[in-house]
Amino acid sequence: MRSRFKGFLLLTPVLSLVALITILPIVNMIYNSLLKTQFGFGKGEFIGLSNYVKLFNDEVFVGAVGKSFIWTLENLLIQLTIPLLIALLLNKQTKFYRVTKSLILIPWVLPMVVISIVWRWLLEPNIGFVNHLITNMGFEPVNFMGSLNLTFHVLVLINSWHFIPFGTILMLAALSTVPQSLYDAAKVDGAGSFKQFIYITFPLIGKIIWFVGLLAFMWSFNTFDLIWLTTQGGPSNATMTLPTYIYKLAFKMYDAGRSSAAAFISTLILIGVGVLYFTLLSPKSDTEVKQP
Amino acid sequence: MKKVLFVSIVLLLATFIMAQTTIVFWHHESPAHRVAAFQKAVELFQQEYPDIKVVQQVVPWGDAWTKTLAAIDAGTTPDFQFSLPELTITAYQADAIIPLDNIINEIDEKYDFVDSQLEPYMIDGNYWGIPIWTMPMVLIYRPSILEEYLGTSEPPKNWNELLLAAQEITLKSAAEGEKIYGIGLTAGNNLCTQEQVYTVMANVGVELFDEDGNLTFDSPETLRAVEFYKDLFKFSPPGATGWAWGEIEMNFSAGKIAMMPYFGGLQKRFYDMGNYDLDGAPQPFPIDGQRGSLTYPNDIHIFKSAREKGHLDEVYKFIRFIMRPEINAIFTAQTEPGSFVPITVEAQESDAYWNDPIISQFEHLNRVIVNEINYGKLYGFETGSAVNLAIGGISGGNLLAEMIQNVVTGKYTVEKAVSETTEKMREFIEE
């Protein structure tokens, strides 16, 4: 009993620090969400849940919540499948293995500001390189960054392009831990590449895929910089996701109260999805290999 | 003896350092040549006032609002800051700045401010920002393109001529497989779009508020201006729905755009390229409309922290120094020629400004720009002073840009876009 008390005592400074840097801002956010406040400091009038009521009547906010989910799903789909495919190809240990592994990291090391500007210029319809290729092939230039229907998906691709190297490296690391003897045994038993993947590879790297999925979800849902630096949520709110709208409310429209309410809702969504992800999709064990 | 000498030198140095006052200011002009111009003025000031050390800190425009508010909250504001009317209003609303009537009156008497450029800083009977330079929009154009496709280098003077010229250039160049567009207009969700659309709105007298601060945006004039912008936009390059400053400037410089309502700041790029195919004219307006454009005065506001630290005298000295016409030319002609324009009559007439190599190279364009200040307004400040402080949020929320996006993408009709924007403005005012 005494040693447990001692343990808690020793943990207190760290726990206080964690509380200070995580819980305090959340408490402040919840408090601000109940106030009518322009900047989040100075005088604020208590207005109860009015900010939340306003948000749910605000079609831009409701649209932003929906778009955040679609954004996350599209990103997850790409960010889980493509890295896995690339990792499987690279795992063949060809002579270009090392070079390719280094080259593939380039998008990951680039800062998002650079990525945003580079892609904006590449996709520019009149003088951009991509449209130069498209028009040279005899097609009309494509309005990648200013289209109501297309821009959202273009940004998903750019965001995924940035994430794919990281996912690939993690999956490659996981693949390298799968013992070759299991594949040899499966080959002896007559299992082809597909069956080897389903019954050996996938179960053994399942935990990493799950982990990559978790990171991809959190990072995608919270994407702000790419969208803000390319479209600022436009055209006509077509790329307005929750983080972008929260920023716009706070620092462009000076409504820190409503922005805090939106941020709290966003936090609840993240916690909710996180709990579901952990309880429903958490891999049981990474060492079991199913029998074909 | 050596020891005595050493101690004396140390004491002397310490006295000098202790006697020196350091004042810190923020500005948001991050390009290297602008930072260098600011530093040049700072060094000249320090030569004249060796007891005052001036430190410039660059906070890019993208971070200006967040960092200003964070600094106000944390009590870490600099002594003063270069600003725009909306940022000054924000700082005023956050109760962080002091009124500047005395220094403004003093400078006005000496150098004569252009009155219209002072007005946006008048809030509740006091001036809260002192204008340092201004940024007028004019119709800038490539004379060679006009010559080639219209057979004249004479720019259009009214809306009809502008629309026809834009159409003719676009269609003729397309027929030749050139893809040059008659007009450069943006419709991205950003300040650039707001500035261009307001330039068009000013030609028919659109007002966001009346003298009492009541919303008057949903008017026949606004509908007419938005309709015209929509028509003109057809002759702007594809993709302009996502454009901001970078794209439009690059397209214009690449010779893909013939004309555009814009600031004169491309002069430096053209000068550096040795390309002098650039000129400007007053913004065309309808025959039954009025000459008008957008002017964006840039100011300095002084934080309360300067007063608390006892730095006010030093800050005033610095402001008096940079408002001298020959020094002010560093902040205009040398910082961003053509874009940053003198705001006092004395500075507008000074040789220091007109003898600058870039300004003199594009003298006609710059004469047009300086003259246009007399016809310029800023949205939300049409009747003079800051009559409705909701303009900060309305401008920051990019409501005008969003309205234009909704129109040019075909999401809404002109009527619906204008009425929806008016509703949003009303929400801001009520809040």
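Student: How many of the 10 residues of helix H15 (residues 325–334) of chain B are buried?
Tutor: In this predicted model, residues are numbered from 1 along each chain as its sequence is written, and chains are lettered from A and ligands numbered from 1 in the order in which they are written. Local features need pLDDT of at least 70, and side-chain atom pairs count only at pLDDT 80 or more, while totals for chains, interfaces and linings use all residues. H15 is largely enclosed by the rest of the structure, because its buried residues number eight.

Student: What is the mean pLDDT of chain B?
Tutor: pLDDT is the predictor's confidence in each residue, from 0 to 100. In chain B, 96% of residues reach 70 or more. The mean is 92.

Student: What ipTM does the predictor give the complex?
Tutor: Two scores are given. The pTM is 0.84. The ipTM is 0.78.

Student: Which helix gives the most to the side of chain B that touches chain A?
Tutor: Contact needs C-beta atoms, placed from the backbone, within 7 Å. By that rule, 33 residues of chain B are in contact with 26 residues of chain A. Helices giving two or more residues to this side include H4 (85–93) and H11 (245–253) of chain B. The most, four residues, come from H3(B).

Student: How many residues on that side of chain B are polar?
Tutor: Ala, Val, Leu, Ile, Met, Phe, Trp, Tyr, Cys and Pro count as nonpolar, Asp, Glu, Lys and Arg as charged, and the others, Gly among them, as polar. Eight of the residues are nonpolar and seven are charged. The polar ones number 18.

Student: What is the order of the open sheet of four strands in chain B?
Tutor: Strands pair if DSSP finds at least two bridges between them. The edge strands, E8 (181–183) and E10 (279–281) of chain B, each pair on one side only. The pairing is mixed, and the order is E8-E9-E7-E10.

Student: In which sense do E8(B) and E9(B) pair?
Tutor: Two bridges join them. B:Ile183 stands opposite B:Met259 in E9(B). The sense is parallel.

Student: What is the bridge partner of B:Ile140 in E10(B)?
Tutor: E7(B) runs antiparallel to E9(B), with four bridges, and antiparallel to E10(B), with three bridges. In E9(B), B:Ile140 has B:Met260 as its bridge partner. In E10(B), the partner is B:Gly280.

Student: Which residues of strand E7 (residues 138–141) of chain B point the other way from B:Val138 and B:Ile140?
Tutor: In a regular strand the side chains alternate between the two faces of the sheet. All four residues here are buried. Opposite to B:Val138 and B:Ile140 point B:Leu139 and B:Tyr141.

Student: How many residues has the largest nonpolar core?
Tutor: Such a core is a set of buried Ala, Val, Leu, Ile, Met, Phe, Trp, Tyr and Cys residues joined through C-beta atoms within 7 Å. B:Tyr229, among those with the most contacts inside the largest core, touches residues including B:Leu185 and B:Ile404. The residue count of this core is 152.

Definitions and conventions
Buried ≥ 20, exposed ≤ 12 C-beta atoms within 10 Å, placed from the backbone. Contact = placed C-beta atoms within 7 Å. Lists of a residue's contacts leave out its neighbours within four places in sequence.
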